[in-house]
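Student: I have a structure to read. Can we go through its features one at a time?
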Amino acid sequence: MTASLLDWQIENQRYLATALEEVQILLLGYVAQQQGETVSEETVAAPEADGDSTDTTEPEFFLTSPSALDYMCDAFGLTVFERQVLLLCAGVELSATIARLCATVQGNAQFTYPTFSLALAVFPEAQWQALAPVAPLRRWRLIELVGEDGLTQSRVRIDERVLHYLTGMSYLDDRLQGMIRPVEASNTLPPSQQQLAQRLAYIWSQDEVGPVIQLVDSQPETCAAIAAMACGALGQRLYRLRAIDMPTVLAEREALTRLWEREAILSQGALLVDCDGASTSQIRQIVVPFLEGLGEQVAVTADAPLLLQQRPIMQLEVPKANVEEQRLLWQQALAAKSTDLNGALEGIVSQFHLNASTIQAIGAAVQVEDVGSEGLVEQLWDTCRLQARPRLDNLAQRIVPRATWEDLVLPERECLALREIAAQVRQQAKVYDTWEFVTRGSNGLGISTLFAGPSGTGKTLAAEVLAHELRLDLYRIDLSQVVSKYIGETEKNLRQVFDAAEVGGAILLFDEADALFGKRSDVKDSHDRYANIEVSYLLQRMEAYRGLAILTTNLKTAIDTAFLRRLRFLVQFPFPNGGQRQEIWRRIFPASLPTDGLDWQRLAQLNITGGNIRTIALNGAFLAADEGTAVQMRHLLQSARTEYAKLEKTLTNAEVRGWV
């Protein structure tokens, strides 16, 4: 606690004690009047009797800032009578003398509490309208009625949060704890985002309430940092409320609204509503009514524009940190260690798009590590991958890539195409940023690819090989699950995937593209029209995505040529011929697995894909392991029969001739 704050608290308590003495004098005067006596200030009981220590001879106090009482009266617009009622309720909690006087006035030793009837009788400037639920005392929950003895006879009690505030103690209301959390301000934002924070501070400084500010960005932490910086410039504190934590019951939500509005005034804070993770229906049915009913400064994070009917809203697009800003953030975070990267920082800057606070945290973590230049680069790369995962892990299936080029058996032309794809991903920083291809437009920068071929021919395996080669995360998205029957939901699902993936530049594998694509360029009905919109949105995001996005299909002819022209690569995965099947069999068994008498040429007689070969080999290994022997042809024959039965195919004599 600073000395100035301590001095203010001491003076504030003295000021409050003097204000309570004024209420005590009025109570004594009323008692004397009832008894036909007169009372003077000299007859007022000394506060020391209640354990207080106040020098009442000093009439004025020189507070460095307004007292809590004066600030509250001004902020909530309290009249003289309402101020006296508030002090009366505080007095019975802080002064035994005032509590006894309340009992004396009401003629009952048990009634050591105030009522509106008492206040109306004692205070000369009494106003009946101050008792109304819409008047400040009850609207802002400064006081509350206890019991069921009617409006004027029920006990009136000061809210605990308000009482502590009057005494100089400030904290977040415990009824908001766990739901609303303070946000620490950050000074590490890049210049473009600092400018947005300054703009937000200016907007908020022009009006006490103003419009709802929507910060449009896929990273809520960045939005929170910008809003916190804006609040800091205004001497305010930012608090965050997650939309998924908001009560669904209307009455509970109304109580939350009133509590926060009061808290915003007491703590001079602003609210940020974080819609991350909230469904469309939650936003429409819960968040929007809450924003419309709130009468204080509020910002909201959402990646799609919100529409409000009862209150104006202003959308502010959060700028992405450009390459220069990202590089500067990394250099500041890594300090002297940035020189140990030997130019590798460019690749990290190009691949990962982390927010400023995450970069600072990573930089602080590696400062304590004593590793060489090569080890530092690997550590930074892997740490960035880990930081980028959480959001995407909730939206797609992460595949741990272990396959290498040695595991892939394809014709030479297809292998060359895959290596070209890997080279383009590796050299994005040089071509797009150093050579400034990005200045020619953002569309077309994504490495959009289609893998076409029958099931089991190696499409997913090829994606694993690329991810392993590039040391990137691989996520599989089943398009049949993403596509929704509700209009607009498919685009929202896809937007969430791409926004989350952009942080770490993960490889996106959109499986079952046939669920969305098809020959739908001819619009026959509304369903075709919306299907075309969904396809166009997916291709648009793939073209703009600074990473590798792969579509897979079992039937290339099912995809319209108009869509195919928008893809950068098309890799055909053919059904393997005899020579390719023989090579797959040679490579399928790990070196540590014992084999006995396997004939690759005879195994290649099975007219199946690589995926089926892997299943047969795996099942055969289990059979051999259960017998305690090496894998033999008879084991593979048994597992081949099982696989063919699953495929509803007949295992011919020609395919297994000479096996056993």
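Tutor: Start with burial. Buried means under 20% relative accessible area, exposed means over 50%, and partly exposed lies in between (1.4 Å probe, protein chains only). At 8% relative accessibility, Tyr-239 is therefore buried. Now the ground rules. This is a predicted model, where local features need pLDDT of at least 70, side-chain atom pairs count only at pLDDT 80 or more, and totals for chains, interfaces and linings use all residues. Residues are numbered from 1 along each chain as its sequence is written, and side-chain values use heavy atoms, with hydrogens and water left out.

Student: How many aromatic pairs are there in the whole structure?

Tutor: Rings of Phe, Tyr and Trp (its six-membered ring) pair if their centres lie within 6.5 Å; planes under 30 degrees apart are stacked, over 60 edge-to-face, and the rest tilted. The search of the whole structure finds eleven aromatic pairs. Take Phe-111 and Tyr-113: the ring centres are 5.5 Å apart and the planes stand at 40°, so this pair is tilted. Phe-111 is partly exposed, because its relative accessibility is 30%. Tyr-113 has a relative accessible area of 17%, so it is buried.

Student: Are the rings of Tyr-239 and Trp-260 stacked or edge-to-face?

Tutor: Their planes are at 65°, with centres 5.5 Å apart, so the pair is edge-to-face. Helices (H or I, at least four residues) and strands (E, at least two) are DSSP runs, numbered from the N terminus. Tyr-239 lies in strand 5 (residues 237–242) and Trp-260 in helix 10 (residues 250–267), so the pair ties together parts that are 21 residues apart in sequence. Trp-260 has a relative accessible area of 0%, so it is buried. Elsewhere, one aromatic cluster is formed by Phe-498, Phe-510 and Tyr-545.

Student: Which charged end sits over the ring of Tyr-239?

Tutor: The rule first. A charge sits over a ring if NZ of Lys or CZ of Arg is within 6 Å of the ring centre and within 35 degrees of the ring normal. Over Tyr-239 sits the charged end of Arg-237, 6.0 Å from the ring centre. Another case is Arg-139, which lies over the face of Trp-140 at 4.2 Å from the ring centre.

Student: What does Glu-263 touch?

Tutor: Contact means heavy atoms within 4.5 Å. Leaving aside residues up to four places away in sequence, Glu-263 touches Arg-161, Tyr-171, Leu-172, Asp-173, Leu-176 and Gln-268. Glu-263 lies in helix 10. Its relative accessible area is 1%, so Glu-263 is buried.

Student: How do I read the empty space?

Tutor: Rolling a probe the size of a water molecule over the atoms shows where empty space is left. On a 1 Å grid over the protein atoms alone, a cavity is a set of points where a 1.4 Å probe fits but cannot get out; a pocket is an open set with protein on both sides within 12 Å along at least five of seven lines; lining residues have an atom within 4 Å of a point. Points are joined across faces, edges and corners, and a volume is the space filled by probe spheres set on the points. Here there is one cavity of 30 Å³ or more. The largest cavity holds about 80 Å³ of space. It has 13 lining residues, and those closest to its centre are Ala-388, Asp-473, Gly-504, Gly-505 and Ala-506. Helix 15 gives the most to this lining, with four residues.

Student: How many residues line the largest pocket?

Tutor: The lining has 32 residues; Gly-458, Thr-460, Leu-461, Gly-611 and Arg-614 lie nearest the centre. The volume of the largest pocket is about 890 Å³.
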